[in-house]
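Me: I would like to go through the labels on this model and see what each one rests on. Please give the criterion and then the value.

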Amino acid sequence: GLMDPPRGAVPLAVETCQAAKIKVIMVTGDQPITAWAIAKQVGIIRSPTVKEFAEENGCDASKVTPDQARAIVISGDQLENLDDDELDRVLSFPEVVFARTSPQQKSRIVGGCQKRGEIVAVTGDGVNDSPALKKADIGIAMGITGSEVAQEAADMILLDDNFASIAKELKKED
C-alpha cells in the first residue's frame with residue numbers, strides 16, 4: 001500500500017515531546033501494520049509490542065503488562081470491544097498506537113486520557129478529527145491542509161502543518 005512518509009523533523013519532535021514528559025499517542029486511520037511501521041520510524045514505538053511479546057512467549061496478549069512490553073497497537077475493531085477499564089489499561093502502556101479508528105473512537109481515546117488525569121492536546125486536519133479536537137484540552141488544527149470544520153473545532157491552528165513546530169514551541173518554554 002501507499003504510505004505518506006513522515007516528515008524528517010517528526011522523530012526529533014517526538015523525542016522533544018517525550019523528553020518534556022509528554023506522551024505521544026498515535027491515533028490514525030491507517031492499517032495496524034502501517035501504523036506500527038510509521039510509529040517505529042518516528043520513535044513513538046521504541047520497544048517490543050504486546051503482540052510481539054505474546055507471540056515470542058506463547059502467551060495471551062490480553063494478559064501482557066506494561067512491565068513485559070512497553071508498546072501496544074490497538075485497532076478500531078479491538079477498541080470497539082474494550083470497556084472503559086480495559087481502555088484505561090491500554091492507555092497505561094508507555095507507547096500507544098491506535099489504528100483504523102473512527103471519529104467517535106478518537107473522542108473516546110481523548111476522554112480516556114482525560115479520565116487518567118492527563119491534559120490532552122490533539123492535532124488533526126479533517127472533518128473526522130473535529131469531535132476529538134473539540135473534546136481535547138487543546139485542539140490543534142492544521143492551517144494549510146486543515147478543513148474549515150477542523151479549524152473551527154480547534155483552539156489553535158498550526159500555520160505550517162508541522163508537528164515539529166509544536167515541539168519547537170515547547171523548547172522555547174524551557
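Reply: Helices (H or I, at least four residues) and strands (E, at least two) are DSSP runs, numbered from the N terminus. Two strands count as paired if DSSP finds at least two bridges between them. The model is predicted, with local features needing pLDDT of at least 70 and side-chain atom pairs counted only at pLDDT 80 or more, while totals for chains, interfaces and linings use all residues. Residues are numbered from 1 along each chain as its sequence is written, and side-chain values use heavy atoms, leaving out hydrogens and water.

Me: What makes β1 and β3 a pair, and how do they run?

Reply: Two bridges join β1 to β3 (residues 95–99), and at least two are required, so the pair qualifies. The two strands run parallel. Val27 has Phe98 of β3 as its bridge partner.

Me: How many bridges are there between β2 and β3?

Reply: Five bridges, in the parallel sense. Ser75, for example, is bridged to Ala99 in β3.

Me: What is the order of the strands in the sheet, and why do β1 and β2 count as edges?

Reply: The order is β1-β3-β2, in an open sheet of three strands with parallel pairing. β1 (26–27) and β2 (71–75) each have a single partner strand, so one side of each lacks a neighbour in the sheet.

Me: Which helix lies across β2 and β3, and at what angle to β3?

Reply: Helix α5 (residues 84–91) does, running at about 125° to β3. Axes here are lines fitted to C-alpha atoms, for helices over the stretch in contact, and angles run from 0 to 180 degrees between N-to-C directions.

Me: Which residues touch the most other members of the largest nonpolar core?

Reply: A nonpolar core is a set of buried Ala, Val, Leu, Ile, Met, Phe, Trp, Tyr and Cys residues joined through side-chain atoms within 4.5 Å. The largest has 27 residues, and those touching the most other members are Ile72, Leu79, Val90, Phe98 and Val122. At least two residues each come from α3 (50–57), β2, α5, β3, α6 (103–115), α7 (130–135) and α8 (148–153). Another core, of 18 residues, lies apart from this one and includes Val24, Ala35, Val73 and Val97. In soluble globular proteins, nonpolar side chains tend to be buried together.

Me: What does Ile72 contact beyond its neighbours within four places in sequence?

Reply: With contact meaning heavy atoms within 4.5 Å, Ile72 meets Val50, Val90, Phe93, Glu95, Val96 and Val97.

Me: What makes Glu55 and Lys51 a salt bridge?

Reply: The rule asks for a side-chain nitrogen of Lys or Arg within 4 Å of a carboxyl oxygen of Asp or Glu. The closest N and O atoms of Glu55 and Lys51 are 3.9 Å apart, so the pair qualifies. These residues are four apart in helix α3, which means a separation of about one helical turn. Glu55 is exposed at 58%, and Lys51 is exposed at 58%.

Me: How many salt bridges does the rule give?

Reply: The count is eight. Among them is Lys63 with Asp60, at 3.9 Å between the closest N and O atoms; Lys63 is exposed at 61% and Asp60 partly exposed at 43%. Arg116 bridges to Glu118 at 3.4 Å, with Arg116 partly exposed at 32% and Glu118 partly exposed at 29%.

Me: Is Ser165 buried or exposed?

Reply: Its relative accessibility is 13%, so Ser165 counts as buried. Ser165 is in helix α9 (residues 163–173). Not counting residues up to four places away in sequence, Ser165 touches Leu158 and Asp160.

Methods: Buried < 20%, exposed > 50% of the residue type's maximum accessible area, 1.4 Å probe, protein only.
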